[in-house]
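Dear colleague,

Please find below the structure that I am handing over to you, followed by an account of what was found in it.

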Amino acid sequence: MGATLTSVLTTLMLKIDHLSKRYNDTLAVDDLDFDVKPGVVTGFLGPNGSGKSTTMRVILGLDHPTKGRATINGKKYAEIKSPLREVGALLDAKAVHPGRSARNHLRALAVSNKIPLARVDEVLEFAGIASVAHKKVGGFSLGMSQRLGIAGALLGDPGVLLFDEPVNGLDPEGIRWIREFFRSLAQEGRTVFVSSHLMSEMAVSADQIIVIGRGRFITQGSVDELTTTAQGTVFVRSSDPSGLAALIAHDDGVVLQNTESGLTIGALTSDQIGTLAHSAGITIFELTPQRASLEDVFMNLTAESVEYGSARPEMMHREH
Amino acid sequence: MSTDENVWSSTKAEWIKFRSVRSSIMGVLVFIVLTLGLGALITVAVRSHWHETSPVNRLTFDPVSTSLAGTIFAQFAVGVIGVLLISSEYSSGSIRTTLAAVPSRIRLASSKLIVLTASILVISEIVCFIAFMMGQAIFSGVVPTDSLASGPVLRSVMLAGIYLTLLAVFGFALGLILRQSAACISVFTSLLLVLPIIVLFLPQSWQNTITKYEPSALGRAMMSTTAPAQLFGAWTALLVLAIYVAVTLSAGVFLLHRRDA
């Protein structure tokens, strides 16, 4: 690789191109448009029912898009000759015939994509389920099924990996294992796309996060970017709370809370509030910027998507 | 050898899947036991009561279709095998894993069809020939027998196996359309069992027209050495049944191609 590494990496990409998916009356995915780049773990975050799984299903060609398309390395999934060698996916760990053994399940997958059968034992070993490989999948716990799904995703040693809610059902040891696993896959230059409805999980396992709500794109960025660009609040104690509140409202600020102890203000920085107070001759006793946690950001972002049905322009923070 | 995926690799995968679940193995065993077991039971019963059989019944007696009587029951076993080949993928959700590995739905359907047709055809032909020979051996000395040296006899036994294979494919086609095992099996059973009963309530002139188009009547026509007056000839019956199956299968593959998984 060496010199060609960069060009290889830029082509190893998952591209969602103005994708919409409608099921009867429900618009599950509404004009999603983003890229998932190789070399990092990209989190796909949204509340339940926000269209994450639908997007994953369209990427894999399981559901037909209503508009737009999803491409992997420039091709639609159905056009890839040996899909398991390019894309590994774990959508639903229980999507396996319960009467088949784990090994036979993987063997059939391997044979269908001309993957050497020796690889089956390798991935079984890697996923830590080699000892139950001959057992029927129907008797597996959710955690074991997740591991089997991961084994299946790795079977073709693919450059692009998709995981839909992979930590569900895993024990703490498994969660830790899977986080390190995602990171190592990304470090190898692969594209890793992981969905979750759990903000806290994404905060520790993803480098980049794409947030959607109600099928729409809300924002995209690193965990740090999301928490810093998201407007934190400022807590103020002053000599004239009601006067300051009026000034703030006049200056496009938002008084979120007005209590005995002080004001909680959104949409203005502490510098702006300090300047306002100074110009009106109000004495400031305390001025504390409160940085939003990723959880707050997520709640705010998705709440807005519900309230306005679209993202506010200043929340848009896309990378190109 | 190109690394491109082709029907052969997905067919090998479907073959692994087919023989690695108990439902298909059990289905095949039930099919074999029903065809041979009931064939033996019925032929033994006929032999032991031959002395009291009326001259008219003796005249119209067909040693071939009698020895193949087990297929009347076995047709449900093969139908269920065909249904489950696809409906179990939907009930377990494994269709998503399957389609992720083989995104071309036409190729997937072809592979499943090849596995189903090849395995059921081979087993059916073997089982039907064994049932025939076993029946003749049981009849021999008491009841009139037929020999495979006769053209119509050979044809009947051969078409019995083809009839069962077509029914398995029909079950598969229903599975592609309806996706749910219970719904498919109900429709399959209704067409083979209930439809003839409903037709019995129709006026006689209608019955004469409709009966021969019933799938089970087509099967009787295919398996008998002498074409009964009200039914199609054996080859015509095969053609009509093949058209039913082809139409249903086309609809099923079309829906598989068009619908979300």
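Between the two chains, 27 residues of chain B are in contact with 31 residues of chain A, where contact means that the C-beta atoms of two residues, placed from the backbone, lie within 7 Å. On the chain B side, the elements that give two or more residues are α1 (7–19), α2 (22–48), α5 (71–92) and α6 (94–101), helices being DSSP runs of H or I with at least four residues, numbered from the N terminus. That side divides into nine nonpolar, eleven polar and seven charged residues, with Ala, Val, Leu, Ile, Met, Phe, Trp, Tyr, Cys and Pro counted as nonpolar, Asp, Glu, Lys and Arg as charged, and the others, Gly among them, as polar.

This is a predicted model, in which local features need pLDDT of at least 70 and side-chain atom pairs count only at pLDDT 80 or more, while totals for chains, interfaces and linings use all residues. Residues are numbered from 1 along each chain as its sequence is written, and chains are lettered from A and ligands numbered from 1 in the order in which they are written.

Within chain B, helix α7 (residues 105–139) and helix α8 (residues 151–178) pack at an angle of about 150°, with their axes 8 Å apart; the axes are lines fitted to C-alpha atoms over the stretch in contact, and angles run from 0 to 180 degrees between N-to-C directions. The helices α7(B) and α8(B) are therefore roughly antiparallel to each other, a term for angles over 145 degrees. Among the residues that make this contact are B:L113 and B:F129 of α7(B) and B:G161 and B:F172 of α8(B), and the contact as a whole divides into 16 nonpolar, four polar and two charged residues.

Methods:
Angles under 35 degrees count as roughly parallel, over 145 as roughly antiparallel, 65 to 115 as roughly perpendicular and the rest as oblique.
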